Amino acid sequence: MLLPIAVQAISAHTGLEEKEISSLLEVPPQPEWGDVAFPCFMMAKKFRKAPQQIALELAEAISREEGLTASASGAYVNITLGRSVHIPLMLAELKKPEFFKPDLGHGQRVVIDMSSPNIAKPFGIGHLRSTVIGAALYRILGETGYVPMSVNHLGDWGTQFGKQIAAYKRWGNEEQLQQDPIGESLKLYVRFHEEAEHDPSLEDEGREWFRRLEHGDNEAQRLWEFFVEVSLREFNRMYERLNITFDHGLGESFYNDKMQTVVAQLRTKGLLEESDGALVVRLEDEELPPCLILKKDGTTIYPTRDLATAFYRHEVMKADRLLYVVGGEQQLHFRQVFAVLKRAGESWAERCEHVPFGLMRFAGEKMSTRRGKVVKLEEVLDEAVARALTIITQKNPDLQDQQEIAEDVGIGAIIFGDLKNNRLNEVDFSLEDALTFEGETGPYVQYTHARIRSLLEKAYAGAGTVDGSGIDVLMREHPVSDYTDASVEMLGDAGWALLKQLVRYQGQLERAARQLEPSVIARFALDTAQAFNRFYAKERIVDGGPWRIQLAEQTADILAHTLHLLGLKAPYQM
């Protein structure tokens, strides 16, 4: 929370750094207790006093400062802000461009590995989490002083392609494959695993086809290129609808000519050991199982490719930090890969981070491509948009661009329904819950933004500012410096509560960047929308004076920022 006077006063009387104080401030559980609370536990050792005694003395000292009153409650100092002093400062701060762009990263380059669907498989709802979490982190880090680079690390290599080719060679139909390449590919893949349960020799057949692919077999190469081409067309349609682009689309196959260099480096450093004919790196010191580098048939495996990928991103893409937005079930894999980099003497291994997320289930069941349990994302998005269009048509039949707005609202509901959850939590996907246009949903935030824009349009028209100059014209004769106790009262308690919520934006943005947690922004957006609607219910805005209008406009601007960070559109009408 941006509270410069309170923070400066605490710093002056404790000797703590202002940044440290800002990170410790809390919101009291009851509004009547004050506007902000400061815990004194961590100062007990420094001052050799009980935290409760420190709180009493600090509260007395702070109360002598202009614009502040304080009282002790146990080990906490509850501080009440003088509105006539703080409201002008807060409103002015909200208009500064740097308020929306705190510099945490200082230009560090961050590569974000995200989305990464598998070639020859449908783009299922299970791919949604990595895609939208990665995209949100890309925007959040970009707003906080980092230089993010997004990479779609397509799953376009590995033994599964040997299985796919083996299945096609046994049961495939060229005509059916051309008519429905993704659907037919999925059927073949599922059939392979069903048949392999009764005929284990199929697994050997799949491995052999992958070996042939790695060695440049013409037929294996032809089929692999076909699967890649049709899959990319499918994926790109989904990304376009989700409004997501990538700086780089480099699949696993891109690193084929780079893996032997990594193997050679590990061998030169004496890290490779033979184990049952395969080559591994022992990681007992890290309390981890051995990391497999080359299988006994000489083919590569996931760790080999991820090691080559990490070197490329560090050395060629000049990344200062590597993030892997990949499901939590891959935690052991990344611990092994990072441990191998560390054993190889790469100091930058400490800046490689797995950003895990919980499973997405559908109706309580884990989705599995092998079993054919795939809910296609396109079908979910189509249903979401259709339902949004029905609601919009019923509530606002004269609205222009209904289809476009329905697309923004329906898809926004799906994205927000995922991102409002802590990324480590499992999500049991429910289309009904995601498309509820009330409560803690994306459409609720979008509608609040549209409502404010409509109110502002009326306010500007009433003030004769139809040229689009908006609040600047209204405030020209009522600058922030003209605030008096009487004019401050015009905001009311609900307006004061809303303003205190708005100034939390920068702190919440920084928190989301530090924790790599988009749900912080989603929660802030919901709290802001709720605070505005309470303000709207209690106070007149259109003809309520320039300060209320300014507060409404800054609320709309901040809601638009939060929606953008999460990947949602902010319609002006709904």
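Predicted model: local features only at pLDDT ≥ 70, side-chain atom pairs only at ≥ 80, totals over all residues.
**Reading strands, helices and a buried residue**

Reader: Which strand is joined to E3 by six bridges, and how do the two run?

Author: Strand E2, residues 68-73, is joined by six bridges to strand E3, residues 76-81, and the two run antiparallel. Further along the pair, Ala 72 stands opposite Val 77 in E3.

Reader: What is the order of the strands in the open sheet?

Author: The open sheet has three strands, which stand in the order E1-E3-E2 with antiparallel pairing. Its edge strands are E1 and E2, since each of them pairs on one side only. From one strand to the next, the twist averages 25°.

Reader: Which helix lies across E1, E2 and E3?

Author: That is helix H1, made of residues 4-14, and H1 runs at about 60° to E2 as it lies across the three strands.

Reader: Where is Met 43 found, and is it buried or exposed?

Author: Met 43 is in the loop that connects strand E1, residues 36-39, with helix H3, residues 44-47. To read burial, one compares the relative accessibility of a residue with a cut-off, and buried means under 20%. Met 43 counts as buried because its relative accessibility is 1%.

Reader: Which residues does Met 43 touch, leaving aside those up to four places away in sequence?

Author: With those sequence neighbours left out, Met 43 touches Thr 14, Leu 16, Phe 38, Ile 54 and Leu 58.

Reader: Which way do E4 and E5 run, and how many bridges join them?

Author: Strand E4, residues 109-114, and E5 run parallel and are joined by six bridges. Within this pair, Ile 112 stands opposite Ser 150 in E5. Strand E5, residues 147-152, is mostly covered, as five of its six residues are buried.

Reader: At what angle do the axes of helix H22 and helix H23 cross?

Author: The axes of H22, residues 505-515, and H23, residues 519-538, cross at roughly 155° and come within 8 Å. A crossing angle over 145 degrees counts as roughly antiparallel, and therefore H22 is roughly antiparallel to H23.

Reader: Which residues make the contact between these helices?

Author: From H22 the contact takes Tyr 505, Gln 508, Leu 509, Arg 511, Ala 512 and Gln 515, while H23 contributes Val 520, Ile 521 and Phe 524. Sorted by class, the contact of H22 with H23 consists of six nonpolar, two polar and one charged residues.

Reader: How many helices and strands does the protein have, and what does its C-alpha trace span?

Author: There are 24 helices and 13 strands in the protein, and the C-alpha trace spans about 85 × 65 × 40 Å along its principal axes. Of its 574 residues, 53% are buried. Among the contacts with a separation of 6 or more, 74% come from residues 24 or more positions apart. Finally, the accessible surface amounts to about 26,000 Å², and 47% of it belongs to carbon and sulfur atoms.

Technical notes. Residues numbered from 1 in each chain as written. Heavy atoms only, no water. Helix = DSSP H or I, 4+ residues; strand = E, 2+ residues; numbered from the N terminus. Buried < 20%, exposed > 50% of the residue type's maximum accessible area, 1.4 Å probe, protein only. Contact = heavy atoms within 4.5 Å. Pairing = 2+ DSSP bridges. Axes fitted to C-alpha atoms, helices over the stretch in contact; angles between N-to-C directions. Parallel < 35°, antiparallel > 145°, perpendicular 65-115°, else oblique. Nonpolar A, V, L, I, M, F, W, Y, C, P; charged D, E, K, R; others polar. Areas by Shrake-Rupley, 256 points an atom, 1.4 Å probe, with all protein chains shown as cover.
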